[in-house]
Amino acid sequence: MQPQLIAGNWKMNGLVSDGKALAADLLALQQGQDGVNAALLLCPPAPLLPLIGDILRDSPIQLGGQDCHAKASGAHTGDTSAQLLADIGCSHVIVGHSERRADHGESSAEVQDKAMAAMAAGLTPIICVGETEGERDAGRALAVIGDQIAQSLPDGAGPERTGFVVAYEPVWAIGTGRTATPGDVAEVHTHIFGLLSARFGAGAAQETAILYGGSVKPGNAADLLAVAHVGGALVGGASLKADDFWAIARSCAA
Ligand code: PEP
């Protein structure tokens, strides 16, 4: 059984000094006595990636991008290719975060193209899906997530592995302090697991981590991470404090 993945999405936060201090603090915690049964991933803003990568070099803490372009290169001002992320030492890249879907109008088809580009570059895409509050209130959460899963996920990398991670992030829980209940999470993660099994086979579905994201904090992490089919957490706000991020990682069951 693979360890749960605890991924920190720093979003557009922090200057050079903040990023350096946060990565160094986490490294110190990781190197201390206080072990965790989790894989750790940091996704800083793109300009900080090489710097944070230098700090994390030779440590088990992995580095990831927050987005990538679907094309390998070309006239795409302001974008970053998956190949470049891989070249500077990233192992993962987040694609289809709800903030990118909302702020940049990214469709599920574009998210799928980005995920394919990431896999072609040797990265593991973390493909985000999740319903809005209105969609949940209208009883459409599972249908919306089903559509996003169908349209955003690329073909799997092989019979026993998909090669990607899925993150369920209800939009109404991101950065709001509101968290889905363990019951909500169980329902959606079981649904996603069923969709993955039907499309990729039970073995590949079992191997695919399904992260929960949305106001995960030290106080609720243990309950959320204990839910069936929760393969880890995608953490925004609480990933900006080393102690909080570490406490979330420590919530993973031994
Ligand atoms: C996120 O944006 O991926 C996220 C989960 O944010 P927060 O933890 O702040 O809700």
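Colleague: Hi! How far does a polar side-chain atom of histidine 97 lie from an oxygen atom of the ligand?

Modeller: The distance is 2.8 Å for histidine 97. A polar contact is a pair of N or O atoms within 3.5 Å; within protein, one must be able to donate a hydrogen and the other to accept it, and residues adjacent in sequence count only if both atoms are side-chain atoms. This is a predicted model, where local features need pLDDT of at least 70, side-chain atom pairs count only at pLDDT 80 or more, and totals for chains, interfaces and linings use all residues. Residues are numbered from 1 along each chain as its sequence is written, and side-chain values use heavy atoms, with hydrogens and water left out.

Colleague: And which atom of glycine 236 lies 2.8 Å from a ligand oxygen?

Modeller: For glycine 236, a backbone N or O atom. Glutamate 169 uses a polar side-chain atom, 2.7 Å from an oxygen atom of the ligand.

Colleague: How many residues surround the ligand?

Modeller: There are 14, and the closest are Lys11, His97, Glu169, Gly175 and Ser215. Near here means that a heavy atom of the residue lies within 4 Å of the molecule or strand.

Colleague: Switching to strands, which residues of β6 point one way and which the other?

Modeller: In β6 (residues 165-168), Val165 and Ala167 point one way, Val166 and Tyr168 the other, and all are buried. Buried means under 20% relative accessible area, with exposed over 50% and partly exposed in between (1.4 Å probe, protein chains only). Strands are DSSP E runs of at least two residues, and helices are H or I runs of at least four, numbered from the N terminus.

Colleague: What does β5 pair with, and over how many bridges?

Modeller: β5 (residues 124-129) pairs with β6 in the parallel sense over 4 bridges, and isoleucine 126 stands opposite valine 165. Pairing takes at least two DSSP bridges between the strands. β6 is also joined to β7 (residues 210-213) by 3 bridges, again parallel, with isoleucine 210 as the bridge partner of valine 166.

Colleague: Nice! Which helix gives the largest share of the lining of the largest pocket?

Modeller: That is α4 (residues 98-103), with 3 residues.
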